[in-house]
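Here is a walk through one protein chain.

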Amino acid sequence: MMKRFILVIIMMISALGIYSFKNSAIDAKKTSYASYYHDKFNGRKTANGEIFDNSKFTAANRTLPFGTKVKVTNLSNGKEVVVRINDRGPFHSARALDMSKAAFDEIGNIDLGTIPVEYEIVD
C-alpha cells in the first residue's frame, strides 16, 4: 500500500514538472517565417468563428490559443507588430504565422510574400 502511494506521488510530481516545462516553452521567443492572407479570405469564417478581415491585426498559428496576443518582429528590418491569434494555420511546415495583410504590411513588404520573424507572447 505504501509503495502504491509513493508511486502516485512521484507520478503527480512528474506530471507537474512536465506541465511547467511546457508553459515556459510556449512563452519563449521563437523564430520562423510569416506569410499573409490572400484577399479571397476576407469575409470567411476563421477557426474561432470570427469573420476574417484583412484590415485587422490578426494571425493564424497551429497551436497558440485563440485570443493570444503575439508580438511579431521582422528580422530583416526590426519592425514590430502585435497580432491576435484567431485562426489555425499556416499549413506549411516552414511558416509559423499567417498574418492579416494589414499586420504583414506594417512590418514587411507584401511583394515578398514571406518574411523571417521572431515572435513571442505578450500580455
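The protein chain has two helices and six strands. Helices (H or I, at least four residues) and strands (E, at least two) are DSSP runs, numbered from the N terminus. Along the sequence, their order is α-β-β-β-β-β-α-β.

This is a predicted model: local features need pLDDT of at least 70, side-chain atom pairs count only at pLDDT 80 or more, and totals for chains, interfaces and linings use all residues. Residues are numbered from 1 along each chain as its sequence is written, and side-chain values use heavy atoms, with hydrogens and water left out.

Of the 123 residues in the protein chain, 31% are buried. Buried means under 20% relative accessible area, exposed over 50%, and partly exposed in between (1.4 Å probe, protein chains only). Consider the contacts (heavy atoms within 4.5 Å) in the protein chain with a separation of 6 or more: 70% of them join residues 24 or more positions apart. The chain exposes about 7,900 Å², and carbon and sulfur atoms supply 58% of that.

Now the rings. Three aromatic pairs turn up in a search of the whole structure. Tyr37 and Phe41 form an edge-to-face pair, because their ring centres are 5.8 Å apart and their planes stand at 80°. Rings of Phe, Tyr and Trp (its six-membered ring) pair if their centres lie within 6.5 Å; planes under 30 degrees apart count as stacked, over 60 as edge-to-face and the rest as tilted. Tyr37 is buried, at 8% relative accessible area, whereas Phe41 is partly exposed, at 28%. Ring pairs join Tyr37, Phe41 and Phe52 in a cluster.

Next come the charges. Side chains of opposite charge can pair when their charged atoms come close. The whole structure holds six salt bridges, each a side-chain nitrogen of Lys or Arg within 4 Å of a carboxyl oxygen of Asp or Glu. Lys29 bridges to Glu118, with the closest N and O atoms 4.0 Å apart. Lys29 sits in the loop between α1 (2-27) and β1 (30-36), and Glu118 in strand β6 (residues 114-122), 89 residues apart.

Glu120 also bridges to Lys29, at 3.9 Å between the closest N and O atoms. Glu120 lies in strand β6, so this pair ties together parts 91 residues apart in sequence. A salt bridge also joins Glu120 to Lys71, at 3.5 Å. Lys71 is in strand β3 (residues 69-74), 49 residues from Glu120. Glu120 counts as buried at 17% relative accessibility, while Lys71 is partly exposed at 23%. Salt bridges link Lys29, Lys71, Glu80, Glu118 and Glu120 in a network.

Notes
Accessible areas come from the Shrake-Rupley method with a 1.4 Å probe; for residues, only the protein chains shown count as cover.
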